[in-house]
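Open the model in your viewer and keep the selection tool at hand. The stops below go from single residues out to the whole chain.

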Amino acid sequence: MGNGKRKTGDRDGIASSSCGKTKPSIADLEQEEMEDPDQADLGVVGSGDSDEDRAEIDPPVQEVEDLGVIGDESDEGQGRSAYLVACHWDWSDYSEPYAVYKVSVATSSPSRVKVKRKRLHRVTRLATVAGGKTFTSLRSVRNALIIGVGGNPSGTVIFDTKTQKVIQGPILNSTKWCPVLTIVGDKVYAMSKTPSWISDPHFPPWFEVLDLSNAKVVTADSCSRLEGCYWIELPPPPCFPWKLRPIGYTMLLVVVVMSYVVVDTCILVSFNQPWGTYAFDTNSVKWHKVDDERLPFIGRATPHGSLFLGLSKNNGPINAYLINVTTSDKDHAPHLSITVLLVKYMEHEVDAGPCFFSLEDGRFCSFSFSLDSCNMTLHPKKLELFPKEAHVNLRTYQTENPPALEVPEEALLPVKPEVAVCSQWEQAFKISCSSHGFSPFAFTLLSI
């Protein structure tokens with residue numbers, strides 16, 4: 001890999017002896033379409049679907065406060081929470097197109113005698129420009145934030161899960177539909193997923209940053225907005241063609257961000273073009289080519305201890321990656337080294353699907369989102385049927401001996417260990433909204 005080195009984990013390596021030798025058989029859940037009478041066990045906030053029941057009601061007074069995103073983002077000593085952001089079916093006509101739900105993730109395997117779908121109750125709705133947003137999370141000592149960026153126009157909306165405030169942020173310098181979002185410290189980076197050389201959306205600037213370190217939240221008339229920060233243009237990856245001749249516009253490249261990950265203070269990105277891997281150093285604000293090959297995973301890789309979890313291919317199994325970005329004293333250019341480790345449960349690779357996130361204590365979760373086609377409602381104005389209920393299936397995996405993942409690269413040779421999943425369990429939830437329904441394409445589950 002250029003000046004670095006890429007090592008592939010031994011597919012015949014020995015997994016932990018605590019895992020069996022037979023292929024796991026995971027039966028489908030026997031779902032019960034009923035509410036859980038004990039809502040206290042759900043670990044959720046809020047209630048109902050009517051406008052009168054909305055939880056996002058700020059005090060009718062004016063106040064100014066720090067956003068408070070500076071500090072130790074690991075926030076040790078406090079467990080991480082999971083939040084589901086679901087887009088409503090009528091997102092283009094509704095002023096609050098997204099709903100946020102808190103999900104209680106079981107820390108151990110629940111009883112498998114009978115599994116019931118637990119109803120999730122809404123925490124808040126997000127008043128924002130319609131659709132086209134990517135959501136990410138930012139955690140600090142004082143705050144645990146859900147941040148949504150994008151759309152047309154490309155606005156910013158923030159939900160503070162501690163104060164329960166919905167905060168309106170600044171608009172990007174160019175329209176970005178479902179941009180690639182990354183967090184480094186107290187800064188939010190947004191990149192066009194499919195840059196355009198002709199017009200919006202995704203017209204330059206292709207890469208922008210929002211610094212929240214000095215941001216203030218101003219609340220007046222039950223509305224909160226962010227002040228003291230704005231989106232700033234950043235240089236795009238140097239592999240992007242910039243100065244095009246007229247003939248170049250007749251044969252424009254189709255560029256798509258294929259994979260990305262944040263390692264320390266660097267953002268690594270690979271594209272569908274044979275450009276290799278580029279790293280953006282957020283300290284020096286410079287791009288560097290760090291490898292002639294693409295990153296060995298698809299989409300975003302999520303931190304898991306000292307490792308990262310990512311899809312080995314589209315809809316493929318999950319792999320673990322030990323990623324190091326180092327700088328030599330000679331040329332001060334970063335160098336990339338990646339070690340690939342298989343993630344196995346009972347000697348078989350883990351097919352968790354494309355939607356997954358990592359929790360503390362060696363756990364990670366995958367989820368699926370489906371609409372209940374048997375529970376439809378007729379829209380009074382559009383006279384169209386739409387699903388008013390959606391189902392969320394959550395599967396949690398426990399990796400064995402989390403401290404053992406903190407292994408220096410030298411210790412991986414000559415034996416390349418695997419990341420062993422010692423147990424897994426499932427949970428089933430449902431959400432409902434009779435007035436606005438749900439879109440089948442826009443949903444996100446975040447760990448905060």
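Select F297 to start: with a relative accessible area of 1%, F297 is buried (under 20% relative accessible area; over 50% is exposed and anything in between partly exposed, with a 1.4 Å probe and protein chains only). This is a predicted model, in which local features need pLDDT of at least 70 and side-chain atom pairs pLDDT 80 or more, while totals for chains, interfaces and linings use all residues. Residues are numbered from 1 along each chain as its sequence is written, and side-chain values use heavy atoms, leaving out hydrogens and water.

Now look for aromatic pairs across the whole structure: a search finds 19. Rings of Phe, Tyr and Trp (its six-membered ring) pair if their centres lie within 6.5 Å; planes under 30 degrees apart are stacked, over 60 edge-to-face, the rest tilted.

Select F271 and W275: their pair is edge-to-face, with 5.7 Å between centres and 65° between planes. F271 and W275 are both buried.

Return to F297 and Y321, whose ring centres are 5.3 Å apart with planes at 55°, so this pair is tilted. F297 sits in the loop between β20 (286-291) and β21 (298-304) and Y321 in strand β23 (residues 318-327), so the pair ties together parts 24 residues apart in sequence.

Next, select W197, W206, F240, W242, F271 and W275, which form one aromatic cluster.

Finally, show the whole chain as a cartoon: it has zero helices and 32 strands (DSSP runs, H or I of at least four residues for helices and E of at least two for strands, numbered from the N terminus). Of its 448 residues, 50% count as buried.
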